[in-house]
Amino acid sequence: MLTWLTHSVNGLAYGSLLFLVASGLTITFGLMRTVNLAHGAFYLIGGYLAYDLATDGTDYWLALLAGVVAAAIGGMIVERAFLHRLAGRELPQIVLTLGVAYIIGDQILANYGGDPVAPPTPPGLEGPVTIGDWIFPKFRLVMIGVAIGLALVVGALLKYTPTGAKVRAAVDDEEIARAVGIRVPLVFLLVFGCGTGLAAFAGVWGGAFTSLAPESGFEVLLLALIVVVVGGLGSIGGALTAAFIVGLVDQYGKVWFPEWALFTLYASVAALLAVRPSGLFGKAVFR
Amino acid sequence: MRGLSTGRLTALAAGLAAVAGLVLLPFLTDSFYTFVATRMLLLGLFATAYNAVFGFGGMASLGHAAFYGIGGYSVGIGVTRWDWPPLVVLPVAIVLGAAAAAVFGIMCLRVRGIYLLLLTLALAQAIAGLAFYQTEWTGGDNGIPSISRDGLPSAVREGDGFYWLSLGVVAVCVALLWMYQRSPLGMSVVGVRESEARMSATGYRTGRLRIIAFTVSGAFAAVAGVMEVYLQGSVSTANMHWQISAEVLVFAILGGARHFLGPFLGAVMVTGLEVWVSTYTDRWMTVLGIVYIATALFLADGVLGRAGWAVRRAKDLRAGPAAAPAAAPKDRTELPAEAPA
């Protein structure tokens with residue numbers, strides 16, 4: 001009984017990590033409709049920078065902040081220099097961001113080598129919690145809470161604040177939004193920076209969870225893409241639900257049929273998409 | 001030679017010279033460059049097969065590594081377990097690749113654009129997951145090493161001979177793909193790309209045409225995978241990696257997806273660049289990233305598209321300043337938009 005509880009909570013914790021990665025993607029891909037395959041690379045930038053600073057003795061939260069800010073700035077540079085030229089053209093966006101991801105991944109490989117590294121667990125969250133007979137790592141439990149909290153905050157920001165309204169207006173009808181005085185390019189720039197910053201935050205926390213290697217950027221990217229699409233593009237709640245489902249399917253798949261682990265995950269996602277292309281909670285058809 | 005214009009004669013001469021150059025290539029270079037040329041041919045075939053779905057079918061697939069890998073694993077498993085000769089391996093690989101591609105096509109009937117891209121990616125990842133975890137069959141992450149070429153006739157087993165074998169296989173496959181593309185069937189697939197609604201209103205079964213495009217493409221992609229594994233002598237999950245799907249997509253865009261030989265050219269260019277750059281630096285992936293960025297920004301219609309545009313503009317300039325300037329290239333490779341319901 002307790003093993004099943006552990007498996008379930010593990011699945012939820014992994015799903016939370018996926019949501020942390022996917023939250024940035026829901027904004028840039030789901031909302032802005034900009035396909036960013038370099039999302040995993042910004043995850044790596046955050047994780048590696050925080051690892052570097054934290055092992056050099058910088059305060060943990062400062063290191064985390066540095067990683068997030070660096071990735072946000074990097075993302076805004078990519079958006080301003082390249083991506084905004086390709087607005088609405090997904091295929092070139094894919095090729096371009098994949099190129100960016102290759103460059104970042106290769107430079108990380110050159111500087112840090114291919115061995116996995118792990119940023120430290122946030123201070124105060126080390127060790128297990130014990131509830132009755134049940135023992136579980138505290139960090140993973142907190143991660144679930146952070147994921148739910150983040151979903152609520154991002155959702156509320158988009159829904160209830162003037163800034164969120166501007167973002168939604170800029171996405172829904174760029175020309176009208178410009179006409180009423182919203183600075184759409186600036187909005188897109190900042191939104192993209194937020195997205196890559198969130199990726200970096202996920203990198204710092206996710207790195208402490210699963211450790212980082214130059215190729216792990218693409219692993220989380222693929223899963224996060226799935227989460228965003230299964231949840232329905234642009235739907236924060238959908239992404240959270242999808243992240244939990246994917247986390248649980250992944251966990252139980254590994255426990256029950258280890259030889260079919262990745263197959264069960266991707267095949268069920270493919271089956272869902274084949275039948276319901278707009279995902280679980282997606283309504284708007286993607287152009 | 002009456003009836004042939006000078007332009008045709010030049011084209012014929014250039015074609016003959018190209019064929020002669022390809023056949024005689026092993027005599028002109030050393031064994032390393034013959035190996036590189038073999039790889040270029042096989043990746044070129046893969047890219048040409050991919051374009052049956054992408055450029056001509058208008059469906060941007062990100063899952064073709066699956067068919068390529070299925071071809072590869074057919075060799076690996078067939079040869080190391082049952083000592084299959086190539087004449088058994090090849091048909092089996094073609095059937096498996098075509099069958100998998102047909103499944104992809106059926107699953108993708110309801111999706112377009114970015115959703116098709118992600119769905120093919122998920123399907124290919126599911127198959128790659130099998131290659132990774134069915135270790136008893138595939139050797140898991142290590143793959144299947146030391147696959148012997150002993151089943152091949154001794155004349156084409158090594159080096160130059162294998163190059164000629166590959167050249168023959170690639171020539172036959174590319175010719176078949178050309179014939180398919182020019183046939184009424186291939187033309188109606190292009191029709192689906194141009195306007196699915198009109199095609200279906202005229203009575204074509206557009207869904208079936210899309211599945212056929214996938215099937216043809218998957219079969220030939222599997223052939224490329226088979227030959228590549230015979231060349232390398234091993235197969236692993238790297239043959240199924242989704243970055244291979246991305247690479248073949250970039251081959252097609254870079255060369256020019258609206259031209260039959262564009263993807264082939266893209267494959268040759270990137271492979272050649274890799275060999276050349278690798279003599280100077282270990283950071284090939286960084287250079288490849290720069291190539292991707294440049295392709296996305298400046299070569300959306302490919303090298304051949306750009307070249308055609310330059311030729312048209314030169315003609316217009318020669319026609320005199322009064323002539324209208326050439327229009328900007330129109331055949332940009334865009335992700336096909338969703339057809340109106």
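This is a predicted model: local features need pLDDT of at least 70, side-chain atom pairs count only at pLDDT 80 or more; totals for chains, interfaces and linings use all residues.
Helices (H or I, at least four residues) and strands (E, at least two) are DSSP runs, numbered from the N terminus.

Residues are numbered from 1 along each chain as its sequence is written, while chains are lettered from A and ligands numbered from 1 in the order in which they are written.

**View 1**
The UniProt record (an unreviewed entry) lists "transmembrane region" for several stretches of chain B, including residues 209-227 and 287-309. UniProt positions are given in the numbering used here, feature names are shortened, and annotations may be inferred rather than shown by experiment. Look at residues 287-309 of chain B: this span is 87% helix and 0% strand, with its end C-alpha atoms 27 Å apart. Residues 209-227 of chain B are 100% helix and 0% strand, and here the end C-alpha atoms lie 28 Å apart.

**View 2. Chain B as a whole.**
How many helices and strands does chain B have? There are 14 helices and zero strands. Chain B has a radius of gyration of 21 Å, close to the 20 Å from the globule rule for 341 residues, so it is as compact as a globular protein of that length. (The radius of gyration is taken over C-alpha atoms, and the globule rule is 2.2 Å times the number of residues to the power 0.38.) Its C-alpha atoms fill a box of roughly 70 × 55 × 45 Å along the principal axes. Of the 341 residues in chain B, 49% count as buried. A residue is buried if 20 or more other C-beta atoms lie within 10 Å of its own, exposed if 12 or fewer, and partly exposed in between, with C-beta atoms placed from the backbone.

**View 3. Helix α4 of chain B and the helices it crosses.**
Zoom in on α4 (residues 86-107) of chain B, whose axis comes within 7 Å of the axis of α10 (residues 206-232) of chain B, crossing at roughly 145 degrees. Axes are lines fitted to C-alpha atoms, for helices over the stretch in contact, and angles run from 0 to 180 degrees between N-to-C directions. Is the crossing of α4(B) and α10(B) left-handed or right-handed? This crossing is right-handed. A crossing is left-handed if the near helix is turned anticlockwise from the far one by less than a right angle, and right-handed if clockwise. The residues where α4(B) meets α10(B) split into 18 nonpolar, five polar and one charged. For that count, Ala, Val, Leu, Ile, Met, Phe, Trp, Tyr, Cys and Pro are nonpolar, Asp, Glu, Lys and Arg are charged, and the others, Gly among them, are polar.

The crossing of α3(B) with α4(B) is right-handed. Among the residues making this contact are Gly71(B) and Gly78(B) of α3(B), plus Ala93(B) and Gly97(B) of α4(B). Sorted by type, the contact of α3(B) with α4(B) has twelve nonpolar, four polar and no charged residues.

**View 4. Where chain A meets chain B.**
The contact takes 39 residues from chain A and 38 residues from chain B. Two residues are in contact if their C-beta atoms, placed from the backbone, lie within 7 Å. On the chain B side, α5 (113-133), α11 (242-255) and α13 (284-298) each supply at least two residues. Which helix gives the largest share of that side? That's α5(B), with 13 residues. The chain B side divides into 26 nonpolar, eight polar and four charged residues.

**View 5. Met32(A) and its neighbours.**
Met32(A) sits in the loop between α1 (2-31) and α2 (39-55) of chain A. Why does Met32(A) count as buried? Because 22 C-beta neighbours lie inside 10 Å. Leaving out residues up to four places away in sequence, Met32(A) touches Ile27(A), Val171(A), Phe188(A), Val191(A) and Phe192(A). Met32(A) and Val167(A) are 135 residues apart in sequence, yet 8.7 Å apart in space, C-alpha to C-alpha.
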